Amino acid sequence: MARPSAPQPALNGDLQGAKPPGMAGPQTGPARAGALARAEAPFAGPPDPSPPVSPADRAAERILRADVRGEVGRLLDERHLLKPRPEDETRIRILIRERVSSYQRNAAVTNTPLIHDPPGLERRLFDGLLRLGPLQPLMDDSAIEEIIVNHPRRVFCIAGGRKRLVDDVVFDDDEEVRQLVKRLVGPLGRRLDDSSPMVDARLPDGSRLNAAIPPATTRWCAVTIRKFILRAHSLEQLVPLGTLSEGAAHFLEAAVQAGTNIIVSGPTGSGKTTLVNCLGAAIASPEERLVTVEETAELSLEHVLPDCVALQARAGNVEGTGEIRIRDLVRNALRMRPTRIVIGEVRGGEALDMLLAMNTGHEGSLSTLHANSPRDALDRLALLASMAEERLTGESLTKLVARTVELVVQLRFEPRTGRRRVVSIFEVTGLESGVVTGNELWAVDPAGDRLVWRGIQPRCLAKMDARAVPYVLPPSPGDRSA
Ligand SMILES: Nc1ncnc2c1ncn2[C@@H]1O[C@H](COP(=O)(O)OP(=O)(O)OP(=O)(O)O)[C@@H](O)[C@H]1O
Ligand SMILES: [Mg+2]
């Protein structure tokens, strides 16, 4: 087979290539845009140890993929395509092995290039059919937190908070990216097409997928997969990760158990959901009934708490019906007799429902929002609540925030180290001249490396006493053992 003379950037359109000799099949293209992508790469990473795939193997892969895909579609229904059983996997592996052997025999007699790496090709075919295709090696790498596809040949990953271009993970074309997304979201009752060009879904392994195609993007199918690597299941487990000090973890645990309303604030990817999961895990009493409300289910409290129900929102269908809004879910949650509710993230009018719920018998509720400081978080909460149809005045909403929110835990992401850490625990004390007032109970010490107790008597101590939650304050400000 003629090897393409030079890899093309392929940023401007469809891939070009030669048809493998002796076989009918789709057009093939240059296997990799590696060298060019490397040259352009703004975030060049370490070389990947996996060997490059030969053009002959890429050509064989395209032909065999189309062939095996048809067969697999007959063998498995949609549900098992997304979550194959062990026996399905075995059948498909046998099928792939047979087809690869038959291709190899055919190539030998027709004097066309043999497959250079049959086991590698079998693995890629299997991944392409039942797993995440070219992205599967990135999914399997436990150090990788996030996968980003901007273009069939622009795949990035984030590990330890750092982004890099993975130049040997490539798709044939945009259609292959779209097909992968459709196969993943289809069995979950979600779609990606002209009338529904953006989709959010939670994959069976807990990862969160977002994809968008034109007209929501200008040209390519853009995919972002946040792998759900739950770094910790409890506040205690966050301590060795350097997220917070042991003393602060004990304080937050006692505050949660005492029924304190807590907002976790931080920028994108700073670990808010993970922290809420850890805070929620401290509500272990069988007396408690927790209802969680999320856009896409990420929390995993159902597995650790005795009484927990998880609700999830849904986008509308093409006819514009079937939408389940976060606000509807919060209202529904209140009819489920919860003792507390957790809203994964407040982004709009549901902030009002949450504040009202926290204020009326569901103390100890939790939520997150995007903000850069506790004060920003409190202002933003009032602003989001003003987006509700009820149209309450700014003044009354600020009052509601001041009366309802008790603690704000502020997270920060440190790009240099990839560390997510709590930088402040702020307690709301009231309202003065229309401004929410409060104290920073825990703050980063002047050296900037530890979260320390500032020695202010917290108001939530009274709640801890009232609920007989055992907690002893750290002895003095800045105590190194706190
Ligand atoms: N305390 C932590 N230490 C190390 N890694 C963490 C920590 N918390 C979260 N992570 C990792 O950071 C990534 C983002 O975490 P998470 O989803 O909790 O953040 P988030 O602030 O809720 O993000 P978003 O703004 O997208 O909702 C995940 O890969 C997660 O495993
Ligand atoms: Mg989150």
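This report describes the fold, the strand pairing, the nonpolar cores and the ligand surroundings of a predicted model.

**Overall composition**

The chain has 482 residues, of which 40% count as buried. Its secondary structure comprises 15 helices and 15 strands. When contacts between residues at least 6 apart in sequence are considered, 57% of them join residues at least 24 apart.

**Strand E11 and its partners**

Strand E11 spans residues 366–370, and four of its five residues are buried, so the strand is largely enclosed by the rest of the structure. Strand E7 (residues 262–266) runs parallel to E11 and is joined to it by five bridges; Ser265 has Leu369 of E11 as its bridge partner. Strand E10 (residues 340–343) is likewise parallel to E11, with two bridges between them. Here Ile343 is partnered by Ser367 of E11. Between E10 and E11 the chain passes through helix H12 (residues 350–359), and this β-α-β crossover is right-handed.

Ala443 of E14 takes part in both pairings: it is the bridge partner of Ser424, and its own partner in E15 is Val452.

In soluble globular proteins, nonpolar side chains tend to be buried together. The largest nonpolar core of this model has 74 residues, and those with the most contacts inside it are Leu279, Leu381, Val401 and Val409. Helix H9 (residues 246–257) supplies the largest share of this core, namely seven residues. Leu279 can be taken as an example: apart from its neighbours within four places in sequence, Leu279 is in contact with Leu235, Leu252, Val256, Ile262 and Leu366. Another core, of 29 residues, lies apart from the largest one and includes Leu135, Phe156, Val169 and Leu209.

**Surroundings of ligand 1**

Ligand 1 is surrounded by 16 residues, the closest being Glu145, Gly271, Lys272, Thr273 and Thr274. Helix H10 (residues 272–280) gives the most to this shell, with three residues. Sorted by class, the shell contains three nonpolar, eight polar and five charged residues.

Arg99 is located in helix H4 (residues 86–110). Arg99 counts as buried because it has 20 C-beta neighbours inside 10 Å, and the cut-off for a buried residue is 20 or more. Not counting residues up to four places away in sequence, Arg99 touches Leu64, Asp67 and Val68. Arg65 is 34 residues from Arg99 in sequence, and the C-alpha to C-alpha distance between the two is 9.8 Å.

Note on methods:
Residues are numbered from 1 along each chain as its sequence is written. Chains are lettered from A and ligands numbered from 1 in the order in which they are written. This is a predicted model: local features need pLDDT of at least 70, side-chain atom pairs count only at pLDDT 80 or more; totals for chains, interfaces and linings use all residues. A residue is buried if 20 or more other C-beta atoms lie within 10 Å of its own, exposed if 12 or fewer, and partly exposed in between; C-beta atoms are placed from the backbone. Two strands pair if DSSP finds at least two bridges between them. A crossover is right-handed if, with the strands pointing away from the viewer, the path from the first strand over the helix to the second runs clockwise. A residue is near a molecule or strand if its C-beta atom, placed from the backbone, lies within 6 Å of it. Ala, Val, Leu, Ile, Met, Phe, Trp, Tyr, Cys and Pro count as nonpolar, Asp, Glu, Lys and Arg as charged, and the others, Gly among them, as polar. A nonpolar core is a set of buried Ala, Val, Leu, Ile, Met, Phe, Trp, Tyr and Cys residues joined through C-beta atoms within 7 Å. Two residues are in contact if their C-beta atoms, placed from the backbone, lie within 7 Å.
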